[in-house]
Amino acid sequence: MAILPSISVSLDLDPQRHTAVLLRTPTISTPFGLHRISVKPQKIFGFKMDSREIEQTRMRLSTNFNSSTLTTKASREPSGLTQELDSKLQAVPESESGCDLFKDMKHRFLSFKKNKYMEHIEHYEKLAQSQAPKFMVIACADSRVCPSAILGFQPGEAFTVRNVANLVPPFESGPSETNAALEFAVNSLEVENVLVIGHSCCGGIRALMSMEEEGDSSSFIRNWVVVGKNAKASTKAVASNLSFDQQCKHCEKESINRSLLNLLTYPWIEERVRKGILSIHGGYYDFVDCTFEKWTLDYEESNLKEANGGISVKDQLFWC
Amino acid sequence: MAGVSVSEVAIQGLKKLLSEKEDLDDVAAGAKIEKLTLELQGQKSHSSDPAVQAITDGFTDFKINHFEKYPDFYNELAEGQSPKFLVFACSDSRVSPTFILNFKPGEAFMVRNIANLVPPFNQIRYSGVGAAIEYAVSVLGVENILVIGHSRCGGIKRLMELPGDGSVHFDFVDDWVQIGLPAKSKVVAQGVPADQQLEALEKEAVNLSLVNLQTYPYVKEKISEKKLALRGGYYNFVNGSFELWELKTCISPPIIIE
């Protein structure tokens with residue numbers, strides 16, 4: 001007899017735990033009859049999901065969406081529970097228990113709420129209607145290289161895709177999450193700039209450089225970073241006499257340029273670049289000595305070099 | 001022109017000096033010269049492009065107010081990262097988790113894509129997402145995966161508007177947001193009123209992503225070892241609220257029939 005998983009949802013609310021810490025809470029009507037009253041009545045939502053439960057004689061595996069957690073709500077009055085936080089550096093709590101984690105998230109959100117959202121409420125209200133970012137950014141998922149942190153992008157400024165090793169697959173490779181985001185950003189949002197940001201000590205590039213030609217194809221990492229294989233090949237061609245670390249660094253930059261060329265394989269991108277309404281830039285963040293390089297693809301010159309896969313750049317900047 | 005050839009000679013001389021003094025080969029010496037040139041240019045450059053000037057200012061601010069203020073912290077980070085979170089968030093310019101949840105460098109390995117979707121395990125079709133999950137869970141050993149949805153999501157709106165006849169308006173966007181179809185069916189089947197459907201789908205898609213995460217073998221393994229928690233979040237920038245919840249799986253006691 002097959003054991004079938006069922007998805008059932010229970011609203012497991014503990015009023016004791018929550019009324020003490022919440023300022024304003026939405027009204028929730030639940031099968032258990034628990035209510036939390038809000039000064040500003042909110043939309044009533046319920047996790048009323050499809051609960052097709054198949055009763056088994058031996059075992060029932062159920063997946064619960066445990067919503068016994070926090071909902072923080074806007075308060076326009078100063079709150080005694082909101083703590084002043086030093087936004088620069090805050091020690092991450094040692095304990096990883098769910099309760100502490102939620103408390104930490106709550107404090108962080110409320111701090112953002114108080115110091116940024118409420119301070120610029122008109123701007124946020126306008127943003128809520130629509131976004132019109134000038135940049136599309138493709139960056140690595142690495143925890144150390146968030147573009148908001150290092151380049152100071154504010155809400156509304158940069159439509160951002162983050163993947164392993166900030167790779168842009170070419171048009172021919174078919175649909176992926178990266179080119180779905182490109183399509184939306186370029187064709188719907190009509191961004192004016194696409195910026196691909198690579199970085200030092202990239203684990204994904206290192207994996208690409210370490211990859212054996214005939215290797216384990218069951219690895220996702222391998223299946224993805226192979227997008228950068230041309231960058232690896234050209235790195236090996238010019239830098240094979242350097243140390244492995246130096247080769248990786250070379251490949252980190254080479255792969256950015258390859259991604260810029262891959263961007264041009266998308267007809268709707270190339271058209272806009274040709275017309276001069278879209279610029280494509282590469283960037284490299286070195287977090288060892290905190291420097292940033294930026295360069296712009298020179299479309300006309302690059303076309304002349306197309307035969308040997310070269311790329312021409314202009315407007316190079318180096319910040320240190 | 002005499003001027004050009006003199007500088008060319010100078011550059012060759014510099015290259016030779018670097019090779020000898022710093023034991024750099026031709027390629028590395030060339031790179032070093034380029035870096036020095038850019039450094040000199042950068043110091044006096046002021047971009048006429050306001051977009052570029054904005055990121056110049058942004059980086060300068062980061063360097064002065066963060067990197068140089070906490071050198072020990074950043075030096076340690078340069079050696080390696082050990083984030084506790086893998087975060088999936090939407091690419092929407094208004095919802096950077098770093099901004100709204102104040103993630104510091106080193107805290108969150110972050111994937112951003114349209115509508116913060118996690119597809120089910122599929123090595124051929126979705127290797128990008130899979131690579132991020134594999135790297136974060138198996139290599140970095142994150143303890144939490146947090147999927148954050150948000151209000152007024154364009155990707156979710158597109159999912160809702162997808163025509164049932166299979167016709168495609170966007171080649172890549174439509175292919176991607178289809179991942180969320182089971183969530184859409186659920187919302188429609190529940191009879192959620194039309195004006196609440198988008199918000200319901202934004203949240204339901206987060207739940208779907210959490211369920212899909214469990215189809216990845218290394219995720220399943222870590223959950224069973226109680227080393228990994230799956231959490232959902234929803235940022236509503238219309239009313240300024242944030243919700244956070246957890247996906248838990250349990251096995252209920254057996255019903256014994258005799």
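Tutor: Let's start with α4(B): what covers its buried residues includes α3 (50-67) of chain B. Before going on, bear in mind that this is a predicted model, in which local features need pLDDT of at least 70 and side-chain atom pairs count only at pLDDT 80 or more, while totals for chains, interfaces and linings use all residues. Residues are numbered from 1 along each chain as its sequence is written, chains are lettered from A and ligands numbered from 1 in the order in which they are written, and side-chain values use heavy atoms, leaving out hydrogens and water.

Helix α4 of chain B spans residues 71-79, and its buried residues are Y74(B), L77(B) and A78(B). Seen down the axis of α4(B), these fall within an arc of 105 degrees, so they line one face of the helix. The arc is taken from the directions that run from the helix axis to the C-beta atoms. On the other side of α4(B), D72(B), E76(B) and E79(B) are exposed. Buried here means under 20% relative accessible area, exposed means over 50%, and partly exposed is in between, using a 1.4 Å probe and protein chains only. The helices are DSSP runs of H or I with at least four residues, strands are runs of E with at least two, and both are numbered from the N terminus. The spacing makes sense too: an α-helix has 3.6 residues a turn, so residues three or four places apart point the same way.

Chain A has a helix to set beside this one. In α6(A), residues 203-210, the buried residues are G204(A), I205(A), L208(A) and M209(A). Looking down the axis of α6(A), you find them within an arc of 135 degrees, so they too line one face. They pack against α7 (220-225), α8 (229-239) and α9 (244-263) of chain A.

Staying in chain A, strand β7(A), residues 279-286, is mostly covered, with seven of its eight residues buried. Strand β6(A), residues 193-199, runs parallel to β7(A) and is joined to it by seven bridges; I197(A), for instance, stands opposite G283(A). With β8(A), residues 291-297, the pairing of β7(A) is antiparallel and covers six bridges, among them the one between G282(A) and W295(A). Two strands count as paired if DSSP finds at least two bridges between them. β7(A) and β8(A) form a hairpin with four residues between them, and C290(A) in the turn has a positive phi of about 50 degrees.

Now back to chain B, for a group of annotated positions. An unreviewed UniProt entry places the feature "binding site" at C90(B), D92(B), H150(B) and C153(B). They are spread over 64 residues of sequence but cluster in space, with a largest C-alpha distance of 9.1 Å. The positions are given in the numbering used here, feature names are shortened, and such annotations may be inferred rather than shown by experiment.

D92(B) sits in the loop between β1 and α5 of chain B and is buried, at 2% relative accessible area. Beyond residues up to four places away in sequence, D92(B) touches Q131(A), F159(A), R112(B), H150(B) and R152(B), where contact means heavy atoms within 4.5 Å. The side chains of D92(B) and Q131(A) also make a polar contact at 3.3 Å. That term covers a pair of N or O atoms within 3.5 Å; within protein, one must be able to donate a hydrogen and the other to accept it, and residues adjacent in sequence count only if both atoms are side-chain atoms.

C153(B) lies in the loop between β3 (144-150) and α7 (154-161) of chain B and is buried as well, at 4%. With residues up to four places away left out, C153(B) touches C90(B), A115(B) and E202(B).

Last stop: S96(B), in the loop between β1 (85-90) and α5 (97-100) of chain B. S96(B) has 7% relative accessibility, so it counts as buried. Setting aside neighbours within four places in sequence, S96(B) is in contact with C146(A), S148(A) and R112(B).
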